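Dear colleague,

Please find below the structure that I am handing over to you. My notes on what was found in it follow directly after.

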Amino acid sequence: MEIEHSLVQIGWDDFMSNLTAGGDPTPEERAQFMDFSCVKLDGTEAQIYAPFCNTAKSVLDVLTEKDLVMKNTADWPDPRWSGCDGEDSDLRPDIGIYPTADAALAEYELTKEKLLASKKNVPEARRHLMARVSWNWLCVPFEFKRGDDNVPFEFGHPDPKRFLKEMQDGETAQEQIAEYVAQLLLRQHRVFTFKVYVVGPHTRLMRWDRAGAIITESFNYVECPDKMRTFIYRLGKMNNIQRGHDPTVILASTDDAGEMRTCGGDLSKLSSTRRKYLAEATKVGWPFYEIKLHPGGFRGRSGCCEDEVLVPYTKKLVFLKDSWRSDDSEHIPPERKTYQRLHAKGVRFIATLICAGDVGVPARRTRTQEFASEIVLDARVHYRLVVKQVGRPLEDYEHSREMVTVVRDVFQAHEDAWLKAEVLHGDVSPGNILIDDDAKAGDYCIIKDPRRPVGFLNDWYLCKYKEDLTKGATQRSGTWQIMSALLLRYPGKPSALSDDLEVFVHTLTWLSLKYHSIRQDDRGFLELHVYSIYEFWMINTHGDYIGSLQKLHLMQNGMRMYPLVDEQSLEHLLGKLMACCASHYATVDLDELERNTQPSSDPPLAPSLIFKPNAQYEAEFGPRKASPAPWVVPLPEPAPLLSNHNHFAAAFREVLTRDWFFSPKLDNQFASFHRQKSKGLLSSYTFIGSKRKAEELCR
């Protein structure tokens, strides 16, 4: 994960005057502070923590409001937390500042019995400083390094303006810093967070938000202890809002938490899917919060005036999306605007909007971009959206027929959006396709009760309007592994309908390789194939990230390198779709595309199941037909078949109206891949200069 283009350095004075509050200590208070001379810089990291904590304690103890405490958490990870990739996390800030509230103490305090029972030999004089990590309550993480061998920044460099290291170990350490911050922002409702990074006697203060980080110039906290002590003092004087907590979110009352657990007292009315997600949301370890949706910044489905009071759903389970949208609303419209446009045109298979809007009046924005004088950073605006549907992920499908049917639903949503509302989704991927087990007549513009799981297309915040596409090139958006081969190879290429349609092929192929059986002889090459086709990236001479040339060749040739075993439906469908892509690619002049695109600024086998179309499927997809001969699909003549949805729609319709063998879903065949997390494999829920680890798609 590359973050150097989101980091801004300023002086300590500017940082303190613009980004902190609380005032400075009086001379009488300073006289009570310990200094940092007791910190053993030549000792181990563990020998640094206790003296540092004691000095911080002397600062916090002078305050009337003793609501913060510094704790050594280097040896005790959070027992109820997993990392951002869903795996168990051993991520432990060396030291953390925590609130002293009873609810917080209950999570991070270590009892004397717990310390004595552990194998860690903690001297009695230090036991009061020891605690376990609590991502729920951590206020400010501190990270310590003895030397500068594997650190992301320059420390003590003669040129104070030089702060980023240009070396691989520095990049890796940047990722670690970002992961600490990501954990905290994911676990808590934060507008921003402070962080402190210490290397030997040198340190840098940081303030992170969704646009990036503001970082002070390096200073020596041992020789100049007042800088560190003043920062800790101000932290103690600040209120929670000034420390970065979201003022529109508070801990829920016991009664409200009880209502949430029982969904109003009648769990029997919930589907199994909703009961499952309610149980996950209310499990031990997750606090209950009340989120205030201020009417001034929200609008409902009808586009009501901003001063109208929103009548909330009462005791109903809904989905709230909390995000930070781009402030460039001219090119990236807010989702509420897009949903209103889609619903006004009767687009099927999309979520039902309840309300959405910017948080706060005026809207709450990031601040990092305000201090970026040498780089261009896009401001982010806090945004919330509430929809009626609570869906399960596409990857929770039970068998290939359900997967194909759900993807076909979403394909219809995509077709409706383009033809009726002139909206291009721009980020179709497995993560943005959801399954609704509770759909009824009237939902998704469906006339009859579907009596089956229904797919709906989610996350429209990277969509593009047709009128904007005609104005010229737009930035790439999408998920790296699933993006079209042309967008990956030609970053300056304007997004087009053909790119979005190709993504459906890659989505189906990705899931088929991940959850369905291929030939025994091919299995040893699967990881190499997935990496070389879907995850490969490099930086071209213009500094742009570009994708796999092999993926481009596959699309040109219409090749299916790893046919599925005992899977007629997917194999036939993918063959048809790949043939359409090959026909379309034969009309693309790659030399002209190269000339005309300008550099972008972005960065065991299971038995098969047989399904026969019943009356419900025949009513929806058409009359039943006999199965054809084994799959043989000749490549068509060159034609721009991805200029509309017709050929893909016909392929879906053919597959869903025949007697096919549909295979059950197997265990994740990507789980054993030996991924190197430090590679920062490119993908994106927003590929506008951002990255996301491939594990997010592979887990």
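At what angle do helix 3 and helix 7 pack, and how far apart are their axes? In this predicted model, helix 3 (residues 45–60) packs against helix 7 (residues 225–237) at an angle of about 55°, and their axes are 9 Å apart. Helix 3 is therefore oblique to helix 7. Their crossing is right-handed. On the side of helix 3, the contact is made by Phe52, Thr55, Ala56, Val59 and Leu60. Helix 7 contributes Met228, Arg229, Ile232, Tyr233 and Gly236. Sorted by class, this contact has seven nonpolar residues, two polar residues and one charged residue.

I turn next to the nonpolar cores. The largest nonpolar core has 85 residues, and the members that touch the most others are Met403, Trp460, Leu508 and Phe648. Helix 14 (residues 497–515) supplies the largest share of this core, with ten residues. For Leu508, leaving aside residues up to four places away in sequence, the residues touched are Met403, Val407, Leu570, Leu573, Leu574, Leu577 and Phe652. There is also a second, separate core of 48 residues, which includes Phe36, Ile48, Tyr49 and Ala50.

Some points of backbone geometry may also be of interest to you. As background, most peptide bonds are trans, and most residues other than glycine have a negative phi.

- Val361 and Pro362 are joined by a cis peptide bond, with omega at about 0°. Pro362 lies in the loop between strand 13 (353–358) and strand 14 (380–387).
- Cys445, a residue other than glycine, has a positive phi near 65°. Cys445 is located in the loop between strand 17 (433–436) and strand 18 (454–457). With a relative accessible area of 44%, Cys445 is partly exposed.
- Arg451 is not a glycine either, yet its phi is positive, at about 55°. Arg451 is found in the loop between strand 17 and strand 18. The relative accessible area of Arg451 is 66%, so this residue counts as exposed, the cut-off being over 50%.

When you view the structure, the contact between helix 3 and helix 7 can be located through the residues named above, Phe52 and Ile232 among them. For the largest nonpolar core, Leu508 is one of the residues that touch the most other members.

With kind regards

Terms used. Residues numbered from 1 in each chain as written. Predicted model: local features only at pLDDT ≥ 70, side-chain atom pairs only at ≥ 80, totals over all residues. Heavy atoms only, no water. Core = buried A, V, L, I, M, F, W, Y, C linked by side-chain atoms within 4.5 Å. Buried < 20%, exposed > 50% of the residue type's maximum accessible area, 1.4 Å probe, protein only. Helix = DSSP H or I, 4+ residues; strand = E, 2+ residues; numbered from the N terminus. Contact = heavy atoms within 4.5 Å. Axes fitted to C-alpha atoms, helices over the stretch in contact; angles between N-to-C directions. Parallel < 35°, antiparallel > 145°, perpendicular 65-115°, else oblique. Left-handed = near helix turned anticlockwise from the far one by under 90°. Nonpolar A, V, L, I, M, F, W, Y, C, P; charged D, E, K, R; others polar.
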